[in-house]
Amino acid sequence: MNTYNNTMATSGNGFGRAFAENFLGEAPDWYKLTIAAFLLLNPLVLYVSGPFVTGWVLIGEFIFTLAMALKCYPLQPGGLLAIEAVLMGMTSTDAVYHEVVENIEVILLLMFMVAGIYFMKSLLLFVFTKILLNVNSKILLSMLFCAVAAVLSAFLDALTVTAVLIAVAVGFYSVYHRVASQQSHHHHDHDHSNDEQVVEYHREDLDQFRAYLRSLIMHGAIGTALGGVCTLVGEPQNLLIAEKAGWEFVQFFLQMAPVTIPTLFAGLATCALLEKIKLFGYGAQLPVAVREVLVKFSKEEEKKRTSAQIAELWVQGIVALLLVLALAFHVAEVGIIGLMIIVLLTSFNGIVQEARIGHAFEEALPFTALLVVFFAIVAVIHQQHLFEPVTNFVLSQKPEQQPGLLFLANGILSMISDNVFVATVYINEIKAALTAGDITREHFDKLAIAINTGTNLPSVATPNGQAAFLFLLTSALAPLIRLSYGRMVIMALPYTIVLSIVALICVVYAI
């Protein structure tokens, strides 16, 4: 009998331990305990303090999950908080559904446009490869990387352009790493994350190559923010803001131009200056030995390129031109245009197997699911009128002061949480003020510009501020080139200061 009881006790302890280990998977124990404490305390806070205070507590908890995105993807803990909010009566399933329906354009953008650009990666890789190997000046190359990333992000999607930058960098790094480990270019089983086989005299060149790639990738990542702020497809919240404001592609660009164009030039000037003064982790040059290896590899790849592969590049180029024209003339909603891109590229490049098509949706769907969780939190904010005091404070100031204050508020919050979440909240608040007749249409446009630029530009300060930056930090490239959270913050700091100041001045005086 004692043996049976001991067995049951051991089994029970084992089950409890297994349950605790399974909860939020590989997240640290302190993080799991924190989320569990949130879930247990929220009903008590609601009972003691009421729904208004509990709503603010819930927002703080949700921002915490975004800030700790490197510990655990926010979908799970944020989703648990959203489910609890519905169960506690802080919002309703109908309200959540209403928010999703209101923002279906953003969801379609993420579902189809990002997947569509996935089938254009060969062309984008080809373009960046040519730039990297044919420009010898590091300052010019850095500015080109930043500018090309900005242009592509303006017409495509910042997340996808970042994915291309990562693919290019990993490809070149792996090529040289094989040579540094005394293996052939075509040794495909080589583990380029392991430096044990790297020959001693190659180590210095490899470390310098890492620094070189770090600087280029950060310039490119900043470029995605500079371009992403300009158009309604550059970032997910842009489309949401455009939908609330009733702006189409060209109109959105023209409304933002007084802020975004000066900021773009300021960003490019900062890029050149950083490479010149070689501070904040910039200025590393491409070692001669590494360039020789990469050029040789590129020439070998071009010789092996088949007629079918060349035809694929032509198809992708033509479809890219159609994409730009379709967006410029707003022939359909952006997500529908993305679906058109998928159909054209897969049809004419022979991608007809379901399994091959499915890979295109892997990048965007987790973030799409997270965005729906955002909308659940937004539903709480609406139902409990949580942001009305903040909005009322801004709107109670002199009209000429309001855009600047809103820019700063959005910028600071975007640095510590997520720019999509912040933009979603504030654009809904000022839209409600417009509907209620509290502000004029002209003033609404100015505030919408402040929200868009405020959430897109200062948010480069931290990896959790923008999805593209977080994607870079959690990618396979980051450990290869030794790009940590702290290093990203340091390398982004000069850009954060310059872009925030220039954009703020433009918001206050140019719109």
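**Exercise 1. State how many residues the largest nonpolar core has, and which of them have the most contacts inside it.**

Step 1. A nonpolar core is a set of buried Ala, Val, Leu, Ile, Met, Phe, Trp, Tyr and Cys residues joined through side-chain atoms within 4.5 Å. Buried means under 20% relative accessible area, exposed means over 50%, and partly exposed lies in between, with a 1.4 Å probe and protein chains only.

Step 2. The largest core has 162 residues. Those with the most contacts inside it are Met120, Phe209, Tyr212, Trp247, Leu323, Phe421 and Leu472. H9 contributes the largest share of this core, 14 residues. Helices (H or I, at least four residues) and strands (E, at least two) are DSSP runs, numbered from the N terminus.

Step 3. Take leucine 323 from that list. Not counting residues up to four places away in sequence, leucine 323 touches Met113, Ile117, Met120, Phe155, Leu156, Ile337 and Ile341. Contact here means heavy atoms within 4.5 Å.

Step 4. Some conventions apply throughout. The model is predicted, so local features need pLDDT of at least 70 and side-chain atom pairs count only at pLDDT 80 or more, while totals for chains, interfaces and linings use all residues. Residues are numbered from 1 along each chain as its sequence is written, and side-chain values use heavy atoms, with hydrogens and water left out.

**Exercise 2. Find the volume and the lining of the largest pocket.**

Step 1. On a 1 Å grid over the protein atoms alone, a pocket is an open set of points with protein on both sides within 12 Å along at least five of seven lines, whereas a cavity is a set where a 1.4 Å probe fits but cannot get out; lining residues have an atom within 4 Å of a point. Grid points are joined across faces, edges and corners, and a volume is the space filled by probe spheres set on the points.

Step 2. The volume of the largest pocket is about 710 Å³. Its lining has 22 residues, and the closest to the pocket centre are Leu125, Thr129, Phe297, Glu301 and Arg305.

Step 3. At least two lining residues come from each of helix H7 (121–134), H9, helix H13 (288–304) and helix H14 (307–328). H9 gives the most, with six residues.

Step 4. The lining divides into eight nonpolar, eight polar and six charged residues. In this count Ala, Val, Leu, Ile, Met, Phe, Trp, Tyr, Cys and Pro are nonpolar, Asp, Glu, Lys and Arg are charged, and the others, Gly among them, are polar.

**Exercise 3. Describe the cavities of 30 Å³ or more.**

Step 1. There are two such cavities.

Step 2. The largest cavity holds about 60 Å³ of space. Its lining includes Leu110, Asp157, Glu235, Phe367 and Ala468. Helix H9 (158–180) and helix H22 (467–473) each supply at least two lining residues. By class, this lining has seven nonpolar, one polar and two charged residues.

Step 3. The second largest cavity holds about 50 Å³. Leu132, Phe145, Leu165, Val168, Ala169, Leu213, Leu216 and Ile217 line this cavity. H9 and helix H10 (200–228) each supply at least two of the lining residues. The classes here are eight nonpolar, no polar and no charged.
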